[in-house]
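Student: I have just opened this structure and would like to learn how to read it. Could you take me through a few of its features?

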Amino acid sequence: MTKKIFRSILLAAVSVLLASLVIIMGCLYDYYRNVQEKQLRDELRLASYGVEAGGSDYLEQLASPYRFQSTADFRLTWVAADGEVLFDTHVPAAEMENHADRLEVKEALAEGESGGIRYSETLTERTLYYAQRLTDGTVLRISISQLTVFALAMGMLQPILLTAVSAVILSALLAHRMAKHIVAPLNDLNLDRPLENDAYEELSPLLGRIHQQHRQIEAQLRELRRKTEEFEQITENMGEGLVLLDGKGVILSINPAARMIFHADSACIGQEFLVIDRDHEINLAIQTAREGGHSEIRAVRDNREYQFDISQITADGAAAGTVLLAFDVTEQAAAERSRREFSANVSHELKTPLQSIMGSAELLENGLVKQEDIPQFVGVIRTEAARLVTLVEDIIHLSQLDEGIAPAKERVNLLELADSAASALRERAEERHIDLSVTGENLMVDGVRSFLYEMLYNLIDNAIKYNTDGGRVEVAVSAGDTGTTVSVKDTGIGIPPEYQARVFERFFRVDKSRSKASGGTGLGLSIVKHIAQYHHADLSLHSTIGKGTDISVSFSLEK
């Protein structure tokens, strides 16, 4: 701004200077020209009186100091009526041509007097002349040479340039000082408090608008900070990962959950997404969402399965960026796999007894069974039908446990319940000469009696099924510092270490041939696990191949 003011002032000063020089020279030139013309007429009139009185003698006396010299101020020429030059103060009359065709001579002879201006070929000089007819019919002409304005200016070029340069320098100094003086109050303006400035009155409307804009900006900033804080609080506490990208794939925001998933830190903001994750499929999904609006993909990170939902962000109808949401679907995926496996296992478990039933019934229907073998086939049908009923009941029971459908809880004596379950299975244990014992204290827990009975029954039943002939099954109820524990220990075949984590899965069998031979459905321990979870109990298993298995259910006092 200072430069603009300086240039404006300097340009104005130089323009005024040039205009002043032109006007002054023009006015002075016109003034002196008018004075000289008047003086020329007066001298012609005086010369005319002298010529009429003294003739050529007068002219001789008048021109003798400057006889035939071009330095004389005036030039007098006496011309006869026929145009012959009778006398001239600069050139001998005999050497001059006839002036009968000269315009001023013609006009003077015709009208009595004449005047005019004649310019040189270079336009640097002009000749001013006047002619007057005398009483004897002759014409007396006086003339003088003058410089034109252009020639005068060229002659005065050096002083004009010196004056102009001096004036420009002085104008520049004054313009610089004036510009600084004008801009100084503007530079000292406090735009943070515009209404407190003591500045030019003309700036008051501008300062008022700035103050109003400051208030609007401050309000907008407060609202923006509030929304930013809300957004940060929401995203910081989100369990899902959230990443905001601009139109070029640069990270605008990333919450802690996403930083944990991609092993990044807050310093990644402002960098491209490729810096924190180079997975080709995820980056391809981001590109697909950027072009098509939405995409989904699942990927594994740190042994956890995540679903990435990627959507395009639009602003004013144009793509402005993308948002990536990461959901941990590990449990969901496991549940889906379990459901698929459960459906396949149920189909298989139902199909096997049904095929036996249908095969036996078909043979009986077609009369292909001997009379003495009919009871055997009827027995197969009854056994397989009973197996189906048990399987369906177990499946229904598991479904009820999954959905939380159960009778009301009550105070249950675990020792009495364990003794009751053992009594129901004692005959089966004696068939294999297995010693079944129940020991412990009369300890009470809050629970569903039928569920707890079924849990203990399944544990004891499994201990008998997978035991060796002549072995032992020990059921113990004990109290500890944190709660009550019931354990079922056998001296059976044991469970291999690689299968111990899976024995509580539905339909899982370590030895499928032995399980089917014993009539198991593969759901017993799964039911045990669900009943323990329903009662918030902890389930633990310790097993050694060839030595036996110990399964404990601990009911915590706090839970």
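Tutor: We will go through a sheet, some salt bridges, a surface patch and a loop.

Tutor: First, the ground rules: this is a predicted model, where local features need pLDDT of at least 70 and side-chain atom pairs count only at pLDDT 80 or more, while totals for chains, interfaces and linings use all residues. Residues are numbered from 1 along each chain as its sequence is written, and side-chain values use heavy atoms, leaving out hydrogens and water.

Student: Let's begin with the sheet. In what order do the 5 strands lie?

Tutor: In general, the strands of a sheet pair through backbone hydrogen bonds, either parallel or antiparallel. Here the order is 7-6-10-9-8, in an open sheet with antiparallel pairing. Strand 7 (251-254) and strand 8 (294-301) are the edge strands, each pairing on one side only. On average, neighbouring strands are turned by 20° against each other, direction ignored. Helices (H or I, at least four residues) and strands (E, at least two) are DSSP runs numbered from the N terminus, and two strands pair if DSSP finds at least two bridges between them.

Student: Over how many bridges do strand 6 and strand 10 pair?

Tutor: Strand 6 (residues 241-246) and strand 10 (residues 318-328) pair over 6 bridges. To find one of them, look at Leu 242, whose bridge partner in strand 10 is Leu 325.

Student: Which helix packs on the sheet?

Tutor: That is helix 8 (residues 280-292), which touches strand 6, strand 8, strand 9 (304-315) and strand 10. Contact means heavy atoms within 4.5 Å. The direction of helix 8 makes about 165° with that of strand 8; such angles run from 0 to 180 degrees between N-to-C directions, with axes fitted as lines to C-alpha atoms, for helices over the stretch in contact.

Student: Now the charged pairs. How many salt bridges are there in the whole structure?

Tutor: A salt bridge is a side-chain nitrogen of Lys or Arg within 4 Å of a carboxyl oxygen of Asp or Glu. The search finds 19 in the whole structure. One of them joins Arg 301 and Asp 277, with their closest N and O atoms 3.0 Å apart. Arg 301 is in strand 8 and Asp 277 in the loop between helix 7 (256-262) and helix 8, so this pair ties together parts 24 residues apart in sequence.

Student: Are Arg 301 and Asp 277 buried or exposed?

Tutor: Buried means under 20% relative accessible area, exposed over 50%, and partly exposed in between (1.4 Å probe, protein chains only). Arg 301 is buried at 14%, and Asp 277 is buried at 7%.

Student: How far apart in helix 6 are Arg 226 and Glu 230?

Tutor: They are 4 residues apart, which means about one helical turn separates them. Their side chains meet in a salt bridge (2.5 Å, N to O). Arg 226 is partly exposed at 37%.

Student: What about the loop with Asp 188?

Tutor: Asp 188 lies between helix 5 (157-187) and helix 6 (204-236), and is exposed, with 61% relative accessibility. From Asp 188 to Asp 198 is 10 residues in sequence and 9.5 Å in space, C-alpha to C-alpha.

Student: Finally, which residues form the nonpolar patch on the surface?

Tutor: Ile 24, Leu 28, Tyr 31, Tyr 32 and Val 35 form it, with about 520 Å² of accessible area together. Patch residues have over 30% relative accessible area and no salt bridge; like charges are joined within 9 Å, nonpolar side chains (Val, Leu, Ile, Met, Phe, Trp, Tyr) within 5 Å. Accessible areas come from the Shrake-Rupley method with a 1.4 Å probe, and for residues only the protein chains shown count as cover. Leu 28 lies in helix 1 (residues 2-54) and is partly exposed at 44%.
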